[in-house]
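Work through the exercises below with the sequence and the coordinates open. Each task is followed by a solution in steps.

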Amino acid sequence: MSVSTHSPATGALLIHGLGGTQYDLGSMHKVLKRVGIETHSLTLPGHGTTPEDLVPVRAEAWLEAVTAKYHEIAGRYDTLHVVGMCLGALLAVELCKRVDHRKGSLVSLAAPVFIDGWSTPWYRGLRKLVYRIPGLAARMRVEEEEPYGIKNELVRSIVKAKFERGENFHYRWVPLACVREVDRLRGFVRRGLDRIACPTLIVHAHEDELTSVRSAHLLHEQIAGSRMVLLDNSYHMICVDNDRDRVAANVLEFMGRDPAAAQSARAAGRPAPMGAEDVERILETYRSSLQAGKFELLFPLFAEDVVWNEAGDNPVSGVYQGRGALIDLFSRLMDYSRNTFAISGVGQPAAAGRAVTLPLSYQVQDGAQLHQGTATHTLRLRNNAIAKVDARADDPVREDALWRRLAAASGREPVGDSIDADTLALSAGELADAFEAALIERRALAQQPSAAVAIRLHAYEQQARHGDAPVAPEPGAAPLDLVRHAAWRLLAGLPADQAQRRYIALVRRLDAA
């Protein structure tokens, strides 16, 4: 498909969230540019340095900054769209209200008009009392904690690793004084929403842990002619979470662009064949990440359609297709070994035809004994990524026996999907409440389940909510979403009440474990 060309007289102003950067909006800049929309952004006052710089910043300073940027670029375009994420969504709404924006659309992404999501603590309402104590709000911190607004376990692990490495892509905490200014801005936004005259798209996640869908409904009810899209598989950071492709597609369609054109442009921009330096960089990162046990650093190295063949005849072996499926592989390694699996050494790479081999040694606690083994990884590289991995133990019989023992003894993975007597006895009237309670209990588990169990839970939830899965996943679905869709498809024909009971029973077993 050829990429349609559009007048350069179309622009978009993108506004990031609290404590964040352009990372908050994921690939939105690239997606818009691929369809001919020029993007502009700004760093909000108090951001891009250290959290302490947020203490003196007032909500008016943020509004003045986005208003100045809007007026700076508005004259260049016949059409100008305004897009905001989180705090940026509040600023986008208030900006369009104050300047009577009519040159293009307004896109509100996860606007926290209310701070009442499922992970906000019960004492959140007491913060307004703290505001009245001079100087205290400036000294108190609001820490960024798991799940970091992200439901996707792979993305969350990458974000967590970035925090641990001290990368300055997002503040790890913000002062309570800054939250006070967000509260003031929320008050501004709620007044006069009926004055917004531009086409408005409101996107929000059902499971947003920071701000419930009440925020989206309020905007939708008070902004005439607005369109609302609610997402089923993300938390707060919807531009980088499981529904990111759906968010991008909805934004493009609302702006009158074809999402397929963006995909075509993306395909056309694939990198050229790899050079020696590219190969060396990938191999060195692969080696160092394995040896450090930082599996989350490996994922960006793999192609989206990577195939990992874990040879053998044991609970870990099998063919893992797609980056998302690798979560399952690494989760099993750590679950069955009770987090004792570690790479103890990685040898030098050697060419093997069109592939590269890496010898490695590893260790794992097997009861009272420390088991040590060796294996070989054979990698095939394509387009600056690892396209295929063949992992083979040097002593396969011994390794198969090891992982069978570990899997049987781990006790970490609930066996089967049987429904216990208490769950089976729930009446139709009790079942709905028990299911909703299990959804909340799942998020509050002291120890989160492995990726394999999380995928099964997701499949039950989807079957309970929506019935049988569609034959094909959504176009452009991420690798992990493809795995989840396949799991959901396996439940075809399962009644909704049985899916609810299986979900409840599985969560109860996880909680008991």
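**Exercise 1.** Compare the span of helix 11 with the expected value, and list its buried residues.

Solution. The model is a predicted one. Step one: helix 11 covers residues 276-292, which is 17 residues. Step two: from the first C-alpha to the last, helix 11 reaches 24 Å, close to the 24 Å expected at 1.5 Å a residue. Step three: the buried positions in helix 11 are Ile282, Leu283, Tyr286, Arg287, Ser289 and Leu290. Step four: these buried residues pack against several strands, among them strand 9, strand 14 and strand 15. Just after the helix, Gly293 has a positive phi of about 70°.

**Exercise 2.** Determine in which sense strand 15 pairs with strand 14, and in which sense with strand 9.

Solution. Step one: strand 14 (residues 369-382) pairs with strand 15 in the antiparallel sense, over 8 bridges. Within strand 15, Val389 stands opposite Leu379. Step two: the two strands form a hairpin with 2 residues between them. Asn383, in the turn, shows a positive phi of about 50°. Step three: strand 9 (residues 302-310) pairs with strand 15 (residues 385-393) in the parallel sense, over 5 bridges. Here Phe302 has Ile386 as its bridge partner.

**Exercise 3.** Classify Asn309 as buried or exposed, and find the side chain with which it makes a polar contact.

Solution. Step one: Asn309 lies in strand 9. Step two: its relative accessible area is 18%; the cut-off for buried is under 20%, so Asn309 is buried. Step three: the side chains of Asn309 and Asp390 are joined by a polar contact of 3.2 Å. Step four: leaving aside residues up to four places away in sequence, Asn309 touches Gly318, Val319, Val389, Asp390, Ala391 and Arg392.

Methods
Residues are numbered from 1 along each chain as its sequence is written. This is a predicted model: local features need pLDDT of at least 70, side-chain atom pairs count only at pLDDT 80 or more; totals for chains, interfaces and linings use all residues. Side-chain values use heavy atoms; hydrogens and water are left out. Two strands pair if DSSP finds at least two bridges between them. Helices (H or I, at least four residues) and strands (E, at least two) are DSSP runs, numbered from the N terminus. The expected span of a helix is 1.5 Å times one less than its number of residues. Buried means under 20% relative accessible area, exposed over 50%, partly exposed in between (1.4 Å probe, protein chains only). Contact means heavy atoms within 4.5 Å. A polar contact is a pair of N or O atoms within 3.5 Å; within protein, one must be able to donate a hydrogen and the other to accept it, and residues adjacent in sequence count only if both atoms are side-chain atoms.
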